[in-house]
Amino acid sequence: MPPYDIILKHIGQQVSLTDQEKEIICSSLLCKKIRRKQYLLQEGTICTHDFFVISGCLRQYEVSPSGRENTVQFAFENWWISDWYSMIHNQPSVYNIEALENSEVFMIEKKRLEQLYTEAPALESYFRKMFMLAFVSLQKRVLYQQKPAEERYLEFTKSYGWFEQRLSQQHIASFLGITRETLSRLRGQQHKDHSENL
């Protein structure tokens, strides 16, 4: 049986659900297991689902004309990930969503989600809060992308240090907009500074 308790607990931290709403929500979810390096979304296809990570790690990225991968988001347990522009405008996505680890997700189809806002009103309030948090996170990222590489990396470790060990240097560098060589230098300097302060 899919682990509905995980997503219901996450939603319940933001809004109160009735037993009927819980049943309606669970019946609308599709559980999917994906292997490492498998895609949930590929560039050029229209995104039709929102994804909730039960376990594992996903990465959303786009490929520049020069072939450089630009990571825009990571998603770990209890995080949502999707391409809402593609979903809302019914346009081909510019993004890929790839599993960095063997992962399991809940999928909810866009049209069904819109119906749920009426059938389970608390869910609309929940997603409004999720979108607000995502927007705040995006604003912070836009700000620190303008800062020097050293400050960007410090901000990353401060905010996301707890999952740094699960990501490759290549993917972290892609997220920060720097080269792997620069990241390696920054990590070495941080380790050196930490050792000197002990």
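How many helices and how many strands does the chain have? The chain has eight helices and eight strands, where helices (H or I, at least four residues) and strands (E, at least two) are DSSP runs numbered from the N terminus. This is a predicted model, in which local features need pLDDT of at least 70 and side-chain atom pairs count only at pLDDT 80 or more, while totals for chains, interfaces and linings use all residues. Residues are numbered from 1 along each chain as its sequence is written, and side-chain values use heavy atoms, with hydrogens and water left out.

**Overall**

Along the principal axes, the C-alpha atoms fill a box of roughly 55 × 40 × 30 Å. Of the 198 residues in the chain, 41% are buried; buried means under 20% relative accessible area, exposed over 50%, and partly exposed in between (1.4 Å probe, protein chains only). Among contacts (heavy atoms within 4.5 Å) with a separation of 6 or more, 70% are between residues 24 or more positions apart.

An open sheet is formed by four strands in the order β1-β8-β3-β6, with antiparallel pairing. Two strands pair if DSSP finds at least two bridges between them. The edge strands, β1 (30–34) and β6 (80–81), each pair on one side only. Strand β3 (residues 49–55) is joined to strand β8 (residues 103–109) by six bridges, and Phe51 stands opposite Met107 in β8.

Helix α1 (residues 4–12) lies across β3, β6 and β8 and runs at about 110° to β3. Axes are lines fitted to C-alpha atoms, for helices over the stretch in contact, and angles run from 0 to 180 degrees between N-to-C directions. Ile11 is in helix α1 and counts as buried because its relative accessibility is 1%. Apart from neighbours within four places in sequence, Ile11 is in contact with Leu17, Ile25, Leu123 and Tyr126. The C-alpha atoms of Ile11 and Ile34 are separated by 23 Å.

**Pocket and cavity**

On a 1 Å grid over the protein atoms alone, a cavity is a set of points where a 1.4 Å probe fits but cannot get out, and a pocket is an open set with protein on both sides within 12 Å along at least five of seven lines; lining residues have an atom within 4 Å of a point. Grid points are joined across faces, edges and corners, and a volume is the space filled by probe spheres set on the points.

| Space | Volume | Lining by class |
|---|---|---|
| Largest pocket | about 1100 Å³ | 20 nonpolar, seven polar, three charged residues |
| Largest cavity | about 30 Å³ | nine nonpolar, no polar, no charged residues |

Here Ala, Val, Leu, Ile, Met, Phe, Trp, Tyr, Cys and Pro count as nonpolar, Asp, Glu, Lys and Arg as charged, and the others, Gly among them, as polar.

Of the 30 residues lining the largest pocket, Gln73, Trp80, Ala134, Phe135 and Ser137 are the closest to its centre. Elements giving two or more residues to this lining are β5 (69–75), β6, α3 (84–89), α5 (121–145) and α6 (149–160). The most comes from α5, with ten residues.

The largest cavity is lined by Ile7, Ile11, Ile25, Leu29, Trp80, Ile108, Leu113, Leu123 and Phe127. Helices α1 and α5 each supply at least two residues of that lining.

**Helix α7**

Helix α7 (residues 169–176) is mostly covered, with six of its eight residues buried. These are His171, Ile172, Ala173, Ser174, Phe175 and Leu176. Just after α7, Gly177 takes a positive phi of about 75°.
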